[in-house]
Amino acid sequence: MSDNLFPVAAGSNAVSITQEVAELAKVPSRNAEGLQHLKFVKGDWKYGKEEIIFEDDEVLLVNPLSFVAGWQGWEDRKPISGPIVPLKDAGSLPPESTLQPIKPGNRNGWSPLLGVTFLLVEDDGARTTLQYHTTSYGGRDFVAKLKDEIVAGVSKHVTAPLCLVKLTFGSYIHSENDKVYTPEFEIVGWADEKGEEVKKLTPG
């Protein structure tokens, strides 16, 4: 590839920006052209209106500038968009008590949200931007751990600050003997600003 995947992170500032993921994060538009929504459902990672399921060997680039925090509301099964800010500004989010009132009801209300954006690059060079916003406990834990891994790992990969991951899952048995699936990731390498893989990790 000849152009930078995440231009703001390119050049001499790449390492410092990635080290301060939360400091310089940008909020991706919910309605950005070409943006596909990524979700995790019962052990499957899916994206797009067609709900395309990821293959086990697919690798994604993490946009280190895309970590966000916010609020997501629900009323009568319909989503209500709340404020979303870069993760470093999470402390500036308004308290739940000041948000738009939502009528009482089963599953109605506001929930804290975390999010991150990935880039899927096909063999033919086609690119798909995948936005993962989640309010579930497991999903928010996934985003927080991914951010921490990137911040911890970037200093070891100075020339390749972009993280390459595979999306995986875990599971556990709930107290009522129901199997609960959790979103997880595996870091498989690091790439430079153009997406060229520089360091591939050895499994195990």
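**Exercise 1.** Which residues have the most contacts inside the largest nonpolar core, and how many residues does that core have?

*Solution.* Keep in mind that this is a predicted model.
Step 1: count the members, and you get 34 residues in the largest nonpolar core.
Step 2: look for the main contributor; strand β7 (residues 109-121) supplies the largest share, 5 residues.
Step 3: zoom in on Phe118. Setting aside neighbours within four places in sequence, its contacts include Val165, Leu167, Leu60, Phe142 and Tyr132.
Step 4: check for anything left over. There's a second, separate core of 6 residues, with Leu119, Leu162, Leu164 and Ala191 among them.

**Exercise 2.** Work out whether threonine 134 is buried or exposed, and what surrounds it.

*Solution.* 
Step 1: find its polar partner; the side chain of threonine 134 makes a polar contact with the side chain of serine 136 at 3.2 Å.
Step 2: go beyond four places in sequence, and threonine 134 touches Pro112, Leu113, Leu114, Gly139, Arg140 and Val143.

**Exercise 3.** Find the largest cavity and sort its lining by class.

*Solution.* 
Step 1: count cavities of 30 Å³ or more, and you get 1.
Step 2: the largest cavity holds about 40 Å³ of space.
Step 3: list its lining: Phe54, Glu55, Asp56, Glu58, Leu60, Lys166 and Leu167.
Step 4: sort them into 3 nonpolar, no polar and 4 charged residues.

How values were computed. Residues numbered from 1 in each chain as written. Predicted model: local features only at pLDDT ≥ 70, side-chain atom pairs only at ≥ 80, totals over all residues. Heavy atoms only, no water. Polar contact = N/O pair within 3.5 Å; in protein donor to acceptor, adjacent residues only side chain to side chain. Contact = heavy atoms within 4.5 Å. Core = buried A, V, L, I, M, F, W, Y, C linked by side-chain atoms within 4.5 Å. Buried < 20%, exposed > 50% of the residue type's maximum accessible area, 1.4 Å probe, protein only. Helix = DSSP H or I, 4+ residues; strand = E, 2+ residues; numbered from the N terminus. 1 Å grid on protein atoms, 1.4 Å probe; cavity = no way out; pocket = protein on both sides within 12 Å on 5 of 7 lines; lining within 4 Å. Points joined across faces, edges and corners; volume = space filled by probe spheres on them. Nonpolar A, V, L, I, M, F, W, Y, C, P; charged D, E, K, R; others polar.
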